[in-house]
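This report examines selected features of one structure, from helix packing to individual residues. The sequence and coordinates are displayed first.

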Amino acid sequence: MLKIRKLYVNIKNKIILKNINLNIKKREIHILMGPNGSGKSTLSYVITRKPNYNIVKGDIILNNKIINKLSPDKISKLGIFLSFQNPIEIEGINMLKYLKYLNNNITYKKIKEYCNLLNIDINKLSRFFNSGFSGGEKKKNEILQLLILKPKLIILDEIDSGLDIDTINIIFRILNNYFLKKKCSIIIITHNTNIVKYINPNKVHIINKGKITFTGNKEVINKIVKYGYNNYK
Amino acid sequence: MYLIHNKIKYYKNFNINIIFINNYLKEIYCINKEIKIECIKNESIIYIKIINIKKENVSINLLLNYNYFNFVNIFKINKLKIIIGKYINILLIEKYNLYGLNLLFNYNIIKILIKDKSNLKYLKNKNNKIFSLNKIYIYQIRSKVDIYDLDIYDLNSINYITIKNLSDNCINNIYGIYILNNNQFLKNKFYYINKYNNCKNYQKFIGIFNDYSKIKLKGVIFIKKRTRNNISYQHFINYILSNNVYINVKPYLNIYSNNVKCSHGVNMGKIDNNIIYYLLSRGISKLKSKTLYFLSILYNDIKDKNILYLIKNKIKNKIKECLVKKK
């Protein structure tokens with residue numbers, strides 16, 4: 001589904017990602033872990049082609065099509081969804097109207113159904129976008145947008161940070177259901193070593209200083225708990 | 001004259017239509033029985049007095065319906081004085097219709113006195129074909145005034161708005177929305193003069209400027225000696241979309257009293273690219289994202305749904321025009 005070949009990325013003339021190789025097949029769940037500032041979020045931004053994140057070398061290939069030069073909106077339309085680590089607030093945009101912008105065919109009944117699934121108070125959708133929402137509510141809102149957009153490749157940037165145990169359970173239950181039903185692929189960027197309790201990853205990648213230093217199965221997480229990232233430099 | 005009369009539109013949504021032809025008062029058309037209108041016409045000035053008969057709160061929509069035909073005398077100045085009586089909630093809107101004219105220079109002077117416990121919402125409007133010079137004076141007595149100054153049209157304009165409190169406990173808000181592109185020029189001056197106590201004044205001006213547009217804004221807050229508990233807030237926010245834009249904004253505070261809360265400021269900057277990227281990453285196109293971004297900024301402060309309904313399409317179209325041309 002998604003292939004990254006020998007990717008080098010620079011931001012403001014400084015190389016941030018070096019020689020990244022990834023191959024994510026259909027119906028696979030990959031986890032990206034690594035110390036703070038190692039380039040995990042940068043990789044997610046590069047995949048969705050954030051401006052000023054320049055690809056120096058290498059290719060990002062989605063379904064056999066190079067997407068290096070596409071704009072973020074076109075990439076989204078190809079089916080890639082990025083859930084942000086710090087979702088923004090936009091005062092002045094009504095939540096419900098915004099959701100209609102995302103998918104014109106979505107009905108109020110369907111939105112209400114998704115809100116019930118995510119335990120979101122439907123009345124809060126009459127507010128401005130993420131305005132006055134707590135950190136957890138903002139993350140739930142990201143998942144609500146995911147359900148509305150129905151992507152094929154989901155990138156979740158620290159979706160579980162700052163969430164209470166019930167919300168984590170709700171979010172991963174929905175993600176697991178979505179994964180089974182829609183047969184999509186998921187990349188999860190996380191620091192949470194308990195992630196394997198909620199989801200069953202196919203591969204775990206460790207990024208350090210802009211390089212993928214290790215790729216293995218979920219058992220590597222136990223080693224990280226014991227020894228940290230020192231063995232994966 | 002008969003033919004001209006046939007062309008003029010009456011707007012049924014409005015309780016009161018005050019119809020002008022080439023800056024001469026033609027007719028006052030009122031369908032509200034709770035309101036009495038008195039009119040005195042001089043050669044130089046027109047006085048209109050709106051009185052509430054019932055002495056209970058009455059809500060009315062008033063349209064200043066200006067019609068211009070090709071024999072207009074551009075030296076005829078429209079001088080209008082409106083006195084709004086007690087307990088009236090009034091929505092005042094200007095509408096300009098041009099018949100057989102491609103361009104017009106228009107000079108208006110409007111003075112409004114608004115009395116106790118009345119509310120005025122004034123939507124200052126224009127037309128794409130009018131180059132205008134407007135002077136508006138608002139005098140308040142224990143009342144509330146909201147002015148929406150909309151300058152999103154193609155031609156240049158100069159506006160002077162003065163608000164003067166004539167008693168304690170007056171509230172007034174001014175929202176200015178300016179979207180300029182090409183070689184448009186706009187010059188606006190706002191004066192708020194307060195000599196009384198417990199008054200609130202809130203001014204917010206948001207501008208989006210592209211191409212070679214020019215703007216000169218001046219906002220003066222004047223609070224006299226020995227007044228108490230006055231609050232005044234003035235904020236200019238300017239978004240610059242081109243390197244050739246000229247912006248000259250001067251906020252002034254002339255405060256001669258100690259017991260006040262006043263602040264003022266100017267912000268200038270570009271689009272927040274993080275918000276645009278967020279919207280793009282959801283599959284919304286670049287043009288729509290930017291439009292949505294600016295609409296969110298402009299709508300954030302307009303709480304009145306009627307006003308929003310009236311202006312939102314105009315603003316949306318102008319923003320789109322402004323952004324597409326940049327491409």
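## Helix packing in chain A

At what angle do helix α5 and helix α6 of chain A pack, and how far apart are their axes? In this predicted model, helix α5 (residues 135-149) and helix α6 (residues 165-182) of chain A pack at about 15 degrees, and 11 Å separates their axes. Angles under 35 degrees count as roughly parallel, and α5(A) and α6(A) are therefore roughly parallel to each other. Their crossing is left-handed.

On the α5(A) side, the contact is formed by A:Lys140, A:Ile143, A:Leu146 and A:Leu147. These residues meet A:Thr167, A:Ile171, A:Ile174, A:Leu175 and A:Tyr178 of α6(A). Classified by residue type, the contact of α5(A) with α6(A) comprises seven nonpolar residues, one polar residue and one charged residue.

## Helix packing in chain B

Two packed helices are described by the angle between their axes and the distance between the axes. For helix α2 (residues 273-280) and helix α3 (residues 286-299) of chain B, the axes come within 9 Å and cross at roughly 130 degrees. That angle makes α2(B) oblique to α3(B). The crossing of α2(B) and α3(B) is right-handed.

From α2(B), the residues B:Ile275, B:Ile276, B:Leu279 and B:Leu280 take part in the contact. Their partners in α3(B) are B:Lys286, B:Ser289, B:Lys290, B:Leu292 and B:Tyr293. By class, six nonpolar, one polar and two charged residues make up the contact of α2(B) with α3(B).

## Overall dimensions of chain B

Chain B contains four helices and 19 strands. Its C-alpha atoms fill a box of roughly 55 × 55 × 35 Å along the principal axes. A compact globule of 327 residues would have a radius of gyration near 20 Å, and the 20 Å of chain B agrees with that expectation.

Of the 327 residues in chain B, 54% are buried. Among contacts in chain B with a separation of 6 or more, 79% are between residues 24 or more positions apart.

## The setting of B:Glu38

Which residues does B:Glu38 contact, leaving aside its neighbours within four places in sequence? They are B:Tyr47, B:Ile48, B:Lys49 and B:Ile51. B:Glu38 itself belongs to strand β3 (residues 35-41) of chain B.

The relative accessible area of B:Glu38 is 33%, which means that B:Glu38 is partly exposed. B:Asn119 lies 81 residues from B:Glu38 along the chain, and the C-alpha atoms of the two are separated by 20 Å.

## Residues with positive phi

Most residues other than glycine have a negative phi. A:Arg27, which is not a glycine, has a positive phi near 60 degrees. A:Arg27 is placed in the loop between β2 (14-24) and β3 (29-33) of chain A. Is A:Arg27 buried or exposed? Its relative accessibility is 51%, so A:Arg27 counts as exposed; the cut-off for that class is over 50%.

B:Arg142 likewise is not a glycine, and its phi is positive at about 40 degrees. The loop between β10 (130-140) and β11 (144-151) of chain B holds B:Arg142. With a relative accessible area of 41%, B:Arg142 is partly exposed.

Notes:
Residues numbered from 1 in each chain as written. Chains lettered and ligands numbered in written order. Predicted model: local features only at pLDDT ≥ 70, side-chain atom pairs only at ≥ 80, totals over all residues. Heavy atoms only, no water. Axes fitted to C-alpha atoms, helices over the stretch in contact; angles between N-to-C directions. Helix = DSSP H or I, 4+ residues; strand = E, 2+ residues; numbered from the N terminus. Parallel < 35°, antiparallel > 145°, perpendicular 65-115°, else oblique. Left-handed = near helix turned anticlockwise from the far one by under 90°. Contact = heavy atoms within 4.5 Å. Nonpolar A, V, L, I, M, F, W, Y, C, P; charged D, E, K, R; others polar. Rg over C-alpha atoms; globule rule 2.2 N^0.38 Å. Buried < 20%, exposed > 50% of the residue type's maximum accessible area, 1.4 Å probe, protein only.
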